[in-house]
Amino acid sequence: MNQHTALSRRSFVVGGGSLFVYFALPKTQAAAEIARGSFPPYVVGPSAENTELDSWMVINDDNTATFNFGRTEFGQGTLTGMLQIAAEELDLDMNQVSAANLDTAVTRDQGMQVSSSSIEGAAPSLRAAAAEARQALMAMAAERLKVSPSSLRVSAGIVTTVERSGPSISYGDLVKGTKFSIKVTGTAPLKPVADYKLVGTPAARVDTPAKMKGTYEYLQHIRVPNMLHGRVVRPAGQGALAADLKVKSIDKASIADLNGVQVVQTGSFIGVVAEDEWIAVKAATQLKVEWDIPAALAGCSHNHDKMRAAKTDDRTLVDTGDVDKAIAQGLHSVSWTFKGPYESHAPFAPNCALADVRADSADVYCATQSLFALRGSLARCLKMKPEQVRVRYFESSGTFGHSCYNDVAQAAALLSQAVGKPVRVQFSRANELGWDNYGPAHLADIRAAADANGQIVAFEYQGWQHGWNFTIESTERLAFDAKIERPQPSPASQVNKQTAGGVYDIPNWRVVSHNVNALEGYLKGSFLRSPLDISISFGTEQVIDELAYRTKIDPIEFRRRNISNPRWLGVLEAVRTASKWSPHVAAEKKSGDIVRGVGVGIGTHFSSYGAAVAEVEVNKKSGVVRVISLVGALDPGLAINPASVEQQIESQLIHAASRMLHEEVTFDEKGVTSLDWERYPILRFEEAPLVTPVVVSRPDQPSTGAGEETMAAAAAAIANAFFDATGVRMHERPMRPERVLAALRAG
Amino acid sequence: MSTYTLVVNDKTAEINAADDTPLFYVLTNALRLKGPRFGCGLAQCGSCSVLVDGVETRSCVTPVSDVQGKSITTLEGLAARYAREKGLPQTPELHPLQQAFIDERSAQCGHCYNGMIVKGSELLSRNANPDEAEIRREMNGHLCRCGTYPRVIKAIQRAAREMRSMGKQD
C-alpha cells in the first residue's frame, strides 16, 4: 500500500488497458479491521469464536500452511483472495499456503458461497484464526529462542530476532509433531492495513497454472471404481414450480435395443443407468415416457400481466416525505413501466455429480455453493442422517448462482442408491437450461419528478416479482412430492432499495415491493448473479436519465447534483474520466440508419459501489444493437487482489451486455422452451465490447464483494446509450431486434 | 460394438465402442483425457473441441467411426504438435497460446479454455498474424460464460507475436 499513499487525493495508473484508482490513506490510519458484513447466518455460517484453531489450519513440517476454510474457487479468484488474506496475517508467501478441498468431513461450515460474500462475510473469521495462529507461533518462538516476543520478526514463515545475527526458527519447526490445541478467541491483534505486503497486490491466481496445463481436476473428471453413468429423464423444459407433474406411463420396450440399461423410477423422478456413457445418453433420449403436464404457466408473453394482476404480499421498504404531492408539483415528471425477463444461469458446462451410496453411508462429489445445506437435503432424499453423508466439492464451470448443481447431486444419489453402485450423472444442455432455478422476471412502475435546477424531488418504485425457495430441488420434489412452502421475500428476492433510488438524495422517496406468490403458476426461481438488480437499474437509471434529459443537463452532471455519498461520486468520477466523457444533453438528433450513443449508469448488489459508461451502436433498419465499449468502475473498499477485481469487472460488463441484448427464458403454458444455445443465446466473440475495468480501491474501508456489483450499472448504461443514440426508451429487455424495431416504430 | 484404432496425440490406442459413439466419450472415458469437456452435445459451444488432422472438430457430434486412421490432437498434445510444426528440438511444456493465457490472466473458471486453445492454436497455425476482426470471426463459435472474450483475444495476439519472434530466431 505504501507506494500509493503519496498520491494526491486520487490518481490514475494506466497500464494494460486497465485503470487502478487508489484513494489515498488518511494520515492517521488505524488498524482498519476487515469487518464482518451484514449477511444472514445461513450465508456466513457459525462464528469463528471458540472454534479449535487446529480445525482452521495445519502448519506442515515443510513450513507451509494448509487451510480448511469453508470457501473455495468458483472461477472468480476467491480462493486466491482468501489465501492472500491468510498468508498476509501469518507473514507467509503465496507459495507457502494452500487450501484443502471442501469436504463436509473436514471443512469448517462457513455457510453458502453466495452473494459475493466470501471476502466480506467469511474472510474475517479466517483472518481472526490466522492472527490467533501468528500470536501462538510468536509465543512459541519467544520461548524457544529465549527472547521477548516483541523482539521477533517474521518473513516467509521464518521467525528471526531483530538483531541480524540472532537465532531463527521456522513455523514448521516450531509446530513439528504438535498441534496448537487452543481456541480462536478473536482477540489476537490484526496486522494493520498499512503494513500489508500481499493483500492489495495482484498476486497470481493459484488455480490458473494447472487449468492452463490441462492437469486441473474438475468435477467432470472424477471417476471411481465400478462407476456407472446415469441420466435423468424429464419433460424437456420444466413447467410451473408447484404444479403436479405425473408420469402416466413408461415404455421400456422403447429402449429394448440398448443393452444393460436400468430404468429407475421414484415418484415422478426417472433416471437411466448404464455402464457405457453413450448408452446412457441414448437411453435417456430414447425412453418413451408419457407425462401428465399441467398447463399452469402464463407463457412468457403474458407473465408480466399475470404478476400485475396477482394478489401480492406488499412491503413498503422506504417511505419518506410526500411522494404524491411532490410529483404533482414537480416541473418535470416521468411515469413509466419496465419489464425484465426470467434469465438462466446457463453455466458453460451443464452440472454433473457423482454419488456412491452404500447401505449406511454415502459419498457425493459435486459443485455446490452450499456444502452443508446440500448434505442435509441429500440425507432427506436417502433417508439417512446428515452425518452419514459426506459431500465433497470439486470445481465445475462458473455457475453465477443457483444452477442445477444440487439437483444433479440428488439425482446421482437416488440413482446410486437404486442400483447399488456409484453413479455419475451429467445433465444435458437441455436439462440445465430447462430445469434451472431462474433469475425471476420483474415488472416495475416508476414515477419521478425533478425541479428546474435538476434536483430530483420525488422518486417512487413499485416492483413485482416472486421469491424463491432454494431448499427443495427438482429431484426431491419429483421423487417425493416434497412440499414447497410459499417463498417469503428476502433482501435478494424483492426490490433492492439501494438500486431503486438509494444512490440519490431524494427528499420524497418510496419503494414498494409487491411480492407475488411463486406457487401460483410461475417458474422455479433462485439467485442469479446480481439477482433482480439489472431489472431494477434498467428502470431506475433510465428514469433518472430521462429527468436529466428533460432538464437539459448532462447525465453525469445531473447525477452529481443529486448524490452526496463520496463513494458513489468516486465510481461516477472514475468512469467519467476513464471513458473520456464529453458533457452533453442526451439524444441530440442523429441522422442515418446506423447511430451511436453513450450512456451512464450506477448501481450495486448489496455492498460495494458500481458505475459504468457504455457506447452502443443501433442499426435502425435491422434493430440490431451492438455494445461497442463498456467502462466499469467498482469500489469494493480495500481491493484484496486488484487484478482479480479487474477480471470480475470485465466479467460483469460482458455478462451484463449479454443479458441486456440476448438473454430471456422463453416458455409456453406447459414449460420452458429455451433449451439450447440457439434458443437461449448469449453474447459471442464478434459482439464482445471493448472493456475497461476501473478498480477504485479504498484501503481505509472494509473489503466487500466484487463479483456482481457493476452489472446493474452496466446494464443501465447500455439502455441509456441506446436512448442517446435513438431518442427512444426501451421499456423491456432484452433488447432483441424485434423488440427494438417495435420500440423505434412506436417512437 | 467394434474395435477402433485411434491415433490420439501421436499415440495409438485400440478401443471398443459402438459405431455411433461420439469421439468425445472415447476421449474422456476410455482414454481419460482432461482436455475435451462436455458442454452441449450439440456442437454449439466448442467445449469438446479437438484437432482432427489439424482441423478444429467438435468431438461431441463426431462418431468415432469417422476418425479412424486420422490424427487426433487434444489439449494435451498441442505443445508437441506445435514443436513438430515449428521444427523445435524439444517439446515445450506449454504451447505459446497456453502461456499467453497465463500471462494475460485470460481464464476465470477455465472450462471453455479447452475449446479456446484448440481453436486458437488452429488459427495461429494457419495465420501467423491474424487481426482482431479475424480472431473474433474465427473464435465466434466458441462460447464463454465468464466474460473472458476480450482477454482471449489479447492472449491470441500475444501468442502470435511470441510465435513470430520465435520464427525469426530460427
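Is A:Trp568 buried or exposed, and what is its relative accessibility? At 2% relative accessibility, A:Trp568 counts as buried (buried means under 20% relative accessible area, exposed over 50%, partly exposed in between, with a 1.4 Å probe and protein chains only).

The views show a predicted model, in which local features need pLDDT of at least 70 and side-chain atom pairs count only at pLDDT 80 or more, while totals for chains, interfaces and linings use all residues. Residues are numbered from 1 along each chain as its sequence is written, chains are lettered from A and ligands numbered from 1 in the order in which they are written, and side-chain values use heavy atoms, without hydrogens and water.

**View 1. The aromatic pair of A:Trp568 and A:Tyr609.** The ring centres lie 4.8 Å apart with the planes at 75°, so the pair is edge-to-face. Rings of Phe, Tyr and Trp (its six-membered ring) pair if their centres lie within 6.5 Å; planes under 30 degrees apart count as stacked, over 60 as edge-to-face and the rest as tilted. A:Trp568 belongs to helix 17 (residues 566-578) of chain A and A:Tyr609 to strand 24 (residues 609-619) of chain A, 41 residues apart; helices (H or I, at least four residues) and strands (E, at least two) are DSSP runs, numbered from the N terminus. A:Tyr609 is also buried, at 17% relative accessibility.

**View 2. The aromatic pair of A:Phe74 and A:Tyr393.** Over all chains, the count comes to 17 aromatic pairs. In this one, which is tilted, the centres are 4.9 Å apart and the planes 45°. A:Phe74 lies in the loop between strand 4 (65-67) and helix 3 (78-90) of chain A, and A:Tyr393 in strand 18 (residues 389-393) of chain A, so the pair ties together parts 319 residues apart in sequence. A:Phe74 is buried, with a relative accessible area of 8%, and A:Tyr393 is buried at 4%.

**View 3. Lysine charges over tyrosine rings in chain A.** The charged end of A:Lys211 sits over the ring of A:Tyr216, 5.0 Å from its centre. A:Lys306 lies over the face of A:Tyr522, at 4.8 Å from the ring centre. The criterion is NZ of Lys or CZ of Arg within 6 Å of the ring centre and within 35 degrees of the ring normal.

**View 4. An aromatic cluster with residues from chains A and B.** A:Trp278, B:Phe24, B:Tyr25 and B:Phe38 form one cluster.
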